[in-house]
Amino acid sequence: IQSMYENMNLTDLEHATLEIWAKKFGFTATLGFICTLLLAGKFFHYIFQSRGLVFGYLIVPPAIISGLLGLLSTSILNIFDDKLNNDLITALESVKSNLTNFLFASLILGL
């Protein structure tokens, strides 16, 4: 099994193919990453709340747990593939600006 993973470094051509895919489905993949983090945060919140593992009575919101998991996952991803990590961070910044624009537009329209 180890010899199978030794030759799995991405070449420049494979990175180019991955970037074409990312431009086509990047927003969907980024939203999937965010939803996965939110679900994992909610799961860990439920586990911590039911067992009382976080400082007794302190309740940590799922969004905080999701953010910490996101920081951890991008840090780990940076170790393995620097290009993919940079693309993910750029996509997350784009989603952040789009959601901020949506929020303020809906507040102005009174939705």
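Buried residues make up 15% of the 111 residues in the protein chain. The model is predicted. The protein chain holds 4 helices and 0 strands. Read from the N terminus, its elements follow the order α-α-α-α. The accessible surface of the protein chain is about 9000 Å². Carbon and sulfur atoms contribute 69% of that surface. Among contacts with a separation of 6 or more, 59% join residues 24 or more positions apart.

Helix α3 covers residues 62-80. Its length can be checked by simple reasoning. The helix has 19 residues, and at 1.5 Å a residue it should span 27 Å. Four residues of α3 are named as buried: I65, S66, G70 and T74. An α-helix has 3.6 residues a turn, so residues three or four places apart point the same way.

Two packed helices are described by the angle between their axes and the distance between the axes. The crossing is right-handed. On the α2 side, the residues that meet α4 include D12, H15, L18 and E19. F27, T30, L31, F33 and I34 of α2 also take part. On the α4 side, the partners are K83, L84, D87, L88, A91, L92, V95 and N98.

F44 is placed in helix α2. Its relative accessible area is 33%, which lies between the 20% and 50% cut-offs. F44 therefore counts as partly exposed. Leaving aside residues up to four places away in sequence, F44 touches I65 and L69. I65 is one of the buried residues of α3. The C-alpha atom of F44 is also separated by 7.6 Å from that of P62. These two residues are 18 residues apart along the chain.

S106 belongs to helix α4. Its relative accessibility is 14%. Buried means under 20%, so S106 counts as buried. The side chain of S106 reaches the backbone oxygen of L103 at 2.8 Å.

Conventions: Residues are numbered from 1 along each chain as its sequence is written. This is a predicted model: local features need pLDDT of at least 70, side-chain atom pairs count only at pLDDT 80 or more; totals for chains, interfaces and linings use all residues. Side-chain values use heavy atoms; hydrogens and water are left out. Helices (H or I, at least four residues) and strands (E, at least two) are DSSP runs, numbered from the N terminus. The expected span of a helix is 1.5 Å times one less than its number of residues. Buried means under 20% relative accessible area, exposed over 50%, partly exposed in between (1.4 Å probe, protein chains only). Contact means heavy atoms within 4.5 Å. Accessible areas come from the Shrake-Rupley method with a 1.4 Å probe; for residues, only the protein chains shown count as cover. A polar contact is a pair of N or O atoms within 3.5 Å; within protein, one must be able to donate a hydrogen and the other to accept it, and residues adjacent in sequence count only if both atoms are side-chain atoms. A crossing is left-handed if the near helix is turned anticlockwise from the far one by less than a right angle, and right-handed if clockwise.
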